Amino acid sequence: MDECRHRTLRSGYNANVHESNCNSLRFDWTRQEIAELYHLPLPELLFRAQQVHREFHPANEVQMCRLLSIKTGGCPEDCAYCPQSAHYQTGVERQSLMPTGEIVAAAEKAKAEGATRFCMGAAWRQAPNGQEFESVVESVRVVAKMGMEVCCTLGMLTDAQAQQLKEAGLTAYNHNLDTSPEFYGNIISTRTYEERLQTIAAVRRAGVTVCCGGILGMGESDADRAGLLHQLASLNPHPESVPINMLVRAEGTPLAHQNDLDPLVMVRTIATARIVMPRSRVRLAAGRTQMSREAMLLCFLAGANSIFYGEKLLTTPNPEPDDDAELLRDLGLSPMKQAVHAGD
Ligand code: SAM
Ligand code: DTB
Ligand code: SF4
């Protein structure tokens with residue numbers, strides 16, 4: 001555990017707050033401790049999350065990330081939430097891998113609009129070898145040279161592929177655990193939790209930063225949300241980015257008719273993530289079109305400091321950029337400049 005700075009900086013500091021906020025970078029959180037944080041009275045939870053947030057991050061900055069689906073639909077996996085799974089009739093049109101020129105044009109547009117991170121998503125079970133992979137590597141190389149943080153999410157990855165992406169300048173690799181180990185089997189049957197962890201380990205070994213989070217609103221319980229956070233907070237180092245997605249209900253998927261998720265569940269989960277993974281960037285990811293401005297404000301107050309910016313996520317809508325720009329202006333939040341340490 002890192003030496004706690006509060007001990008020397010703030011004498012007379014409340015011991016309980018100190019206990020949960022100042023265990024900076026713990027990797028031994030128990031599931032019980034995480035569940036207890038998650039269930040704190042919400043004002044208390046938000047207060048503690050704000051304290052951690054302000055100790056580790058600029059208080060009023062938000063990272064702007066742009067997503068692009070570079071290979072869409074027809075995925076052999078059966079993820080029950082996903083409009084791109086070939087197992088369901090969702091109306092998503094299949095598209096083969098986008099050429100580097102088109103990807104770079106999208107990245108240039110994103111950069112001009114203020115995004116500092118560019119994330120390329122592909123509906124693959126695992127990153128392919130051969131020509132297609134070489135083409136992705138080339139896209140990573142060009143976008144990295146533009147001075148943007150580059151993230152990919154291509155499915156499972158081998159050590160050699162992770163290394164090749166690293167050499168091309170990849171900042172981060174997104175591979176979500178999605179939910180708790182216990183609930184996972186209700187959502188995906190075509191690959192295991194352990195396989196997800198193995199890809200995350202390969203990304204880490206290659207020296208690429210890890211972007212790993214989950215989805216709320218799939219019918220999981222509070223205990224499952226604490227279980228997901230426990231898995232994430234037990235990774236050492238913690239994922240540098242933790243995307244918290246609200247399920248986007250896609251017609252044709254098994255989860256199309258899930259009940260609305262109470263946005264306060266997003267708030268609680270983000271606040272708990274902020275406390276247990278103090279240095280990580282917590283991303284208020286998919287699902288913002290279903291949230292009010294006030295709910296998004298609470299997510300920022302809870303410690304979210306990154307969003308996807310642009311009218312589309314991968315295949316589903318995101319808030320209009322003008323509306324997001326207005327929201328940030330009204331809240332007094334500033335778009336983050338390029339990270340000092342890419343991947344933070
Ligand atoms: N195929 C790769 C994979 O699964 O790792 C990369 C692309 S996949 C679309 C990336 C992530 O998007 C998933 O892990 C999931 O967490 C998230 N996602 C997919 N569909 C979603 C939905 N309908 N709502 C919220 N998040 C979703
Ligand atoms: C993540 O956690 N959320 C993003 C990104 N990582 C790749 C994807 C959200 C996808 C939402 C559904 C869609 O647009 O297809
Ligand atoms: Fe395929 Fe990824 Fe969608 Fe699962 S989440 S079906 S792996 S694209």
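A crossing of two helices is called right-handed if the near helix is turned clockwise from the far one by less than a right angle. In the predicted model shown above, helix H10 passes helix H11 in a crossing of this right-handed kind. The protein has an average pLDDT of 93, and 91% of its residues score at least 70.

**Confidence of the model**

- Residues 1-22 have a pLDDT under 50 throughout, and the model gives this stretch 32 contacts beyond four places in sequence.
- The pLDDT is also below 50 over residues 340-344, a stretch with 10 contacts beyond its near neighbours in sequence.

**Helix packing**

- Two packed helices are described by the angle between their axes and the distance between the axes.
- For H10 and H11, the axes come within 10 Å and cross at roughly 25°.
- Angles under 35 degrees count as roughly parallel, and H10 and H11 are therefore roughly parallel to each other.
- On the H10 side the contact is made by Arg225, Leu229 and Ala233, which meet Val265, Thr269, Thr272, Ala273 and Val276 of H11.
- Helix H12, residues 293-301, packs with H13 at an angle of about 60°, and their axes are 11 Å apart.
- This angle makes H12 oblique to H13.
- The crossing in which H12 passes H13 is right-handed.
- From H12, the residues Arg293, Met296, Leu297 and Phe300 meet Glu326, Leu327, Leu328, Asp330 and Leu331 of H13.

**Nonpolar cores**

- The largest nonpolar core contains 98 residues, and the members that touch the most others are Ile70, Tyr81, Leu154, Leu165, Leu284 and Phe300.
- Helix H11, residues 263-276, supplies the largest share of this core, with 8 residues.
- Another core, of 9 residues, lies apart from the largest one; among its members are Cys65, Cys119, Cys151 and Ala286.
- Leu154, one of the residues with the most core neighbours, touches Ile70, Met120, Ala122, Trp124, Gln126, Ala127, Phe133, Val136, Leu165 and Tyr173, leaving aside residues up to four places away in sequence.

**Tyr309**

- Tyr309 is located in the loop between strand E9 (306-308) and helix H13 (321-331).
- The relative accessible area of Tyr309 is 9%; buried means under 20%, so Tyr309 is buried.
- Although Tyr309 and Ala115 are 194 residues apart in sequence, their C-alpha atoms are 7.2 Å apart in space.
- With residues up to four places away in sequence not counted, Tyr309 touches Met64, Cys65, Arg66, Glu113, Asn318, Pro321, Asp324 and Ala325.

**Backbone features**

- Most residues other than glycine have a negative phi, and most peptide bonds are trans.
- Asp178 has a positive phi, near 75°, and is a residue other than glycine.
- The loop that holds Asp178 runs between strand E4 (172-174) and helix H8 (181-184).
- Asp178 has a relative accessible area of 1% and is therefore buried.
- The peptide bond from Asn236 to Pro237 is cis, and its omega is near 0°.
- Pro237 is found in the loop between helix H10 (222-233) and strand E7 (241-246).

Note on methods
Residues are numbered from 1 along each chain as its sequence is written. Chains are lettered from A and ligands numbered from 1 in the order in which they are written. This is a predicted model: local features need pLDDT of at least 70, side-chain atom pairs count only at pLDDT 80 or more; totals for chains, interfaces and linings use all residues. Side-chain values use heavy atoms; hydrogens and water are left out. pLDDT is the predictor's confidence in each residue, from 0 to 100. Contact means heavy atoms within 4.5 Å. Helices (H or I, at least four residues) and strands (E, at least two) are DSSP runs, numbered from the N terminus. Buried means under 20% relative accessible area, exposed over 50%, partly exposed in between (1.4 Å probe, protein chains only). A nonpolar core is a set of buried Ala, Val, Leu, Ile, Met, Phe, Trp, Tyr and Cys residues joined through side-chain atoms within 4.5 Å. Axes are lines fitted to C-alpha atoms, for helices over the stretch in contact, and angles run from 0 to 180 degrees between N-to-C directions. Angles under 35 degrees count as roughly parallel, over 145 as roughly antiparallel, 65 to 115 as roughly perpendicular and the rest as oblique.
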